[in-house]
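Subject: Structure handover

Hello,

Here is the structure we talked about. Please have it open as you read on.

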Amino acid sequence: MSKRSTVGRLAETDALTLFPEGMAKGNSKAARHAERVLLQTVRSEICKVAAAHAAHVDEDARFPVEAFAALKKAGLLGIMVPSELGGMEAPIRVIAEICSLLAQNCSSTGMCYAMHQIKASSLVMHAMDDEWHRGFMRRMVAEQLLLGSATTEGGGVGGDLRTSNCGIDAQGSVFALRKEGCLISYGIQADAILITARRTPESPPSDQVMAVMTRDQYTLELTQVWNTLGMRGTCSNNFTFEGAAPVEQVIPASFADIAAQSMLAYAHILWAATWYGIAANAVYRAETFVHAEARRRPGTVPPGAMRLAELLNSLQQFRALILASIDRYERAKGDPDELSSISFVVALNGTKVSASEAACDIIQHAFLICGIHGYRNDSPHSLGRHLRDAMSSRIMINNDRILGNVSNLLSVYKHNPSLAA
Ligand SMILES: Cc1cc2nc3c(=O)[nH]c(=O)nc-3n(C[C@H](O)[C@H](O)[C@H](O)COP(=O)(O)OP(=O)(O)OC[C@H]3O[C@@H](n4cnc5c(N)ncnc54)[C@H](O)[C@@H]3O)c2cc1C
């Protein structure tokens with residue numbers, strides 16, 4: 001990231017924010033104030049740290065340790081945990097805004113934060129009645145634990161979330177688990193990994209559970225290093241995972257329910273918010289390029305200005321998509337039938353596919369505005385890293401796989417054309 005971080009500008013205007021301050025609906029004045037202070041801390045302190053190290057994180061394909069130290073210092077890893085367990089109980093829209101703000105400054109920081117929160121959502125939404133998991137959530141807040149995810153598997157599973165080859169092998173009160181071909185972002189840095197597996201080694205591939213295993217309970221054998229085009233700081237190495245833990249660490253809900261009732265929405269909304277942040281920063285760079293051109297030739301409209309007008313429309317549509325998805329989720333939350341309905345599944349899968357397409361398209365259009373200055377790596381209008389990072393969005397669970405899964409539902413689905421739906 002260039003020295004021209006967006007932080008200063010973000011402090012002055014809400015143009016790039018998903019949620020202009022004061023939009024906290026139905027909250028008390030004190031809660032709105034706390035939310036404003038929190039987001040201001042993210043903008044003025046944590047984003048600065050993320051921006052200062054973004055280029056090195058990308059060049060060296062290393063975890064954004066500095067930004068995560070700042071996030072931990074501000075207590076933001078336990079932000080989703082309910083207040084009765086010591087957390088801030090932040091709603092999804094606030095967490096989406098933080099993902100976006102971070103990604104405007106360092107895409108990898110934004111994505112790692114999003115992935116951590118997606119894992120936190122599985123515990124908050126499905127394990128509040130379980131004593132071990134309640135204790136773990138308290139620890140998440142007190143110790144600012146970082147959660148990783150191991151859903152991907154080798155042996156033909158790939159990104160097929162609802163299939164596992166490996167199984168929970170319970171012997172009395174302890175289970176053993178070995179999972180091969182896992183791609184685990186920041187696997188080395190994570191304090192705990194939430195891992196999917198068949199309920200037993202003999203269960204069918206889709207009869208899955210998710211277990212929380214802490215760093216002292218497993219080993220990770222590195223099988224492939226993450227040397228990629230973009231999102232290099234996520235350090236998503238491939239590993240063979242092997243470990244053992246008490247059976248109480250298996251989340252009581254089935255993974256089918258976790259995937260449908262919370263993970264689908266949290267993953268697709270928080271990923272989308274992160275990609276929005278990358279795109280918003282590309283638009284910011286195009287905008288500053290047009291402003292500089294206007295200053296150089298007073299009295300003329302720079303040629304890129306019309307494209308910028310188009311670009312701002314596209315960014316607005318992207319923002320509206322995320323806000324509508326959050327609204328849809330908030331309305332469905334707590335209603336398992338609605339969350340599992342075909343219309344909800346189609347809508348939230350559409351969020352992921354559309355958001356990934358929007359991010360890549362917006363950055364490519366910003367390229368046309370900035371021209372050679374966007375193409376250079378040493379320019380304040382450089383867009384190379386934005387494009388490389390955003391390219392991961394289409395294949396982070398391949399869009400073709402998602403559209404293929406959705407198409408399987410369409411023979412029995414009739415869409416609702418109502419604007420009020
Ligand atoms: C930045 C980043 C971070 C990640 N972090 C993690 C992590 O922490 N933990 C984790 O578990 N995973 C992680 N992943 C991996 C991710 O979850 C997917 O496993 C990975 O993107 C591969 O997805 P895929 O199998 O859908 O597609 P790919 O392996 O890319 O491709 C599968 C191929 O199958 C095709 N295909 C199309 N439709 C179907 C269908 N219906 N069925 C089968 N194949 C189909 C696709 O077009 C494609 O050609 C990460 C990925 C990225 C990019």
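This is a predicted model: local features need pLDDT of at least 70, side-chain atom pairs count only at pLDDT 80 or more; totals for chains, interfaces and linings use all residues.

Residues are numbered from 1 along each chain as its sequence is written.

Domains first. The protein chain is assigned domain 1 (7-145), domain 2 (148-249) and domain 3 (255-412); such bounds come from an automatic or database domain assignment. The centres of domain 1 and domain 2, taken over C-alpha atoms, are 25 Å apart. Each gives 18 residues to their contact (C-beta atoms, placed from the backbone, within 7 Å).

On the domain 1 side, helices H2 (29-60), H5 (107-126) and H6 (131-143) each give two or more residues. H5 gives the most, with eight residues. Helices (H or I, at least four residues) and strands (E, at least two) are DSSP runs, numbered from the N terminus.

Now the sheet. It is open, has four strands and runs E2-E3-E7-E6, with antiparallel pairing. Strands pair if DSSP finds at least two bridges between them. E2 (169-171) and E6 (218-224) are the edge strands, each with a single partner, so one side of each has no neighbour in the sheet. E3 (residues 174-184) and E7 (residues 237-246) pair in the antiparallel sense over nine bridges. Ala176 has Ala244 in E7 as its bridge partner.

Best wishes

Notes
Two residues are in contact if their C-beta atoms, placed from the backbone, lie within 7 Å.
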